[in-house]
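I opened the notebook to look up two things.

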Amino acid sequence: MHHVLTIAGSDSGGGAGIQADLKTFAAHGVYGTSAITAITAQNTERVSNVHVLPAAIVAAQIDAVASDIRIDAVKTGMLANAAIVEVVAAALTRWRLPHLVVDPVMVAKSGDHLLEPAAAAAIREVLLPLATIVTPNRPEAEVLAGHAVATLADAREAARRITDAGCRAVVIKGGHFEGTRLVNLLFDGRDFTEVVTERMQTRNTHGTGCTFAAALAAQLAKGRPLTDAVQDATEYVAGAIANAVSVGHGHGPVNHFWRGWTGG
Ligand SMILES: Nc1ncnc2c1ncn2[C@@H]1O[C@H](COP(=O)(O)OP(=O)(O)OP(=O)(O)O)[C@@H](O)[C@H]1O
Ligand SMILES: [Mg+2]
C-alpha cells in the first residue's frame, strides 16, 4: 500500500480540499493521511467563514504522520498564510518527503480568497524549490509568473518563469481558458506536453483543482512517470465530472469513485 499526505483546508461541503483529496486517494487505492491548515465553512455555493489554524498545529500534524508512517508522496492545497507555508516547507525538508505536488490555491471557485496575497511570494520562494510539480490554474500562473496569461503561448512563457523558481515541473491547468479543447500544459523544465481533453459544459466543477492535484500525488506515489501521471489525472477528473451526481444548489462536486475503488 502506498501512503500519501495531503496538507490542505477542510471543505465542510465535502467537494474540495481535504475531503476531495482523501476521496481521490481512496479511489486510487492509496492510503490517505492529512494535515489540516484551515477550516472553511463552505458549501457548493459559497465560503461563509474561514478559521485558519496556528502554524504550529499544522507542523505538529505533519510531524505526527511522518514520524510513524512512510510517506510516498505529498500534496499541498490551501495554505492560507506565509507562516503556514514556511512551517510546511520546513517540515517537508526535515522529513525529506518525496514527490511533492503543490496546488498553489489562491482563490476559490466562488471567488473567495484562500491565501493572503503576501503568501504567494512565500509559496514561490520556499515551497516551489521543493516541488516535483506545481499545478496553477490561469490566475495562479499569472501571480507566480508575474505576467498576464491569455494564450497558450503566454502559458508556455509562464511555465518557464515558474520553473525558474526551482520546481522540477509545472502543469498550467486549462480549466480557466476558453474553447472546446481543454489543454493542461505540462513543462518539465525541458519539454512541453499538451494533455488535451474535451471541455465539458457543466456546473459540477467544485474541487476539480484539488482532485486533479491529489490524483497526481497518488500516481507519483505509485511511481508513475510525470507525463503519465498528468495524462491519467486529466482523464480521471474528466470522468469524475462526467459522472457527477447532483449535490447542493451551486457548483456541485465531482464523482470521485466513477472508476470504482481502486480504479486509479
Ligand atoms: N469543464 C471541464 N471539462 C473537463 N475537464 C475539466 C473541466 N473543468 C476542469 N477540468 C479538469 O480539472 C482540472 C482542474 O480544473 P481547474 O483548471 O478549474 O482548476 P482550479 O481552478 O484549480 O479548480 P478549483 O476551483 O477546484 O481550485 C483541469 O486542469 C481539467 O483537467
Ligand atoms: Mg484550484
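My entries on the sheet, its helices and the ligand follow.

**Ground rules.** This is a predicted model, where local features need pLDDT of at least 70, side-chain atom pairs count only at pLDDT 80 or more, and totals for chains, interfaces and linings use all residues. Residues are numbered from 1 along each chain as written, chains are lettered from A and ligands numbered from 1 in written order, and side-chain values use heavy atoms, without hydrogens and water.

**Sheet.** I looked up the strand order. It is β3-β2-β1-β4-β5-β6-β7-β8-β9, an open sheet of nine strands with mixed pairing. Strands are DSSP runs (E, at least two residues), as are helices (H or I, at least four), numbered from the N terminus. Pairing takes at least two DSSP bridges between two strands. β3 (47-52) and β9 (192-198) each have a single partner strand, so one side of each lacks a neighbour in the sheet. I then checked β6 (residues 133-134) against β7 (residues 169-172): they pair in the parallel sense over two bridges. V134 stands opposite V170 in β7.

**Helix.** Helix α1 (residues 17-27) packs on the sheet and touches β1 (3-11), β2 (31-42) and β4 (73-76). Contact here means heavy atoms within 4.5 Å.

**Ligand 1.** Which residues come nearest? Of the 16 around ligand 1, these are K109, N137, K173, H176 and N184. A residue is near if one of its heavy atoms lies within 4 Å. I noted polar contacts (N or O pairs within 3.5 Å). A polar side-chain atom of N184 lies 2.6 Å from an oxygen atom of ligand 1. For T208, a polar side-chain atom lies 3.2 Å from a ligand 1 oxygen atom. β8 (181-187), α7 (208-221) and α8 (226-242) each supply at least two shell residues.

Technical notes:
Axes fitted to C-alpha atoms, helices over the stretch in contact; angles between N-to-C directions. Polar contact = N/O pair within 3.5 Å; in protein donor to acceptor, adjacent residues only side chain to side chain.
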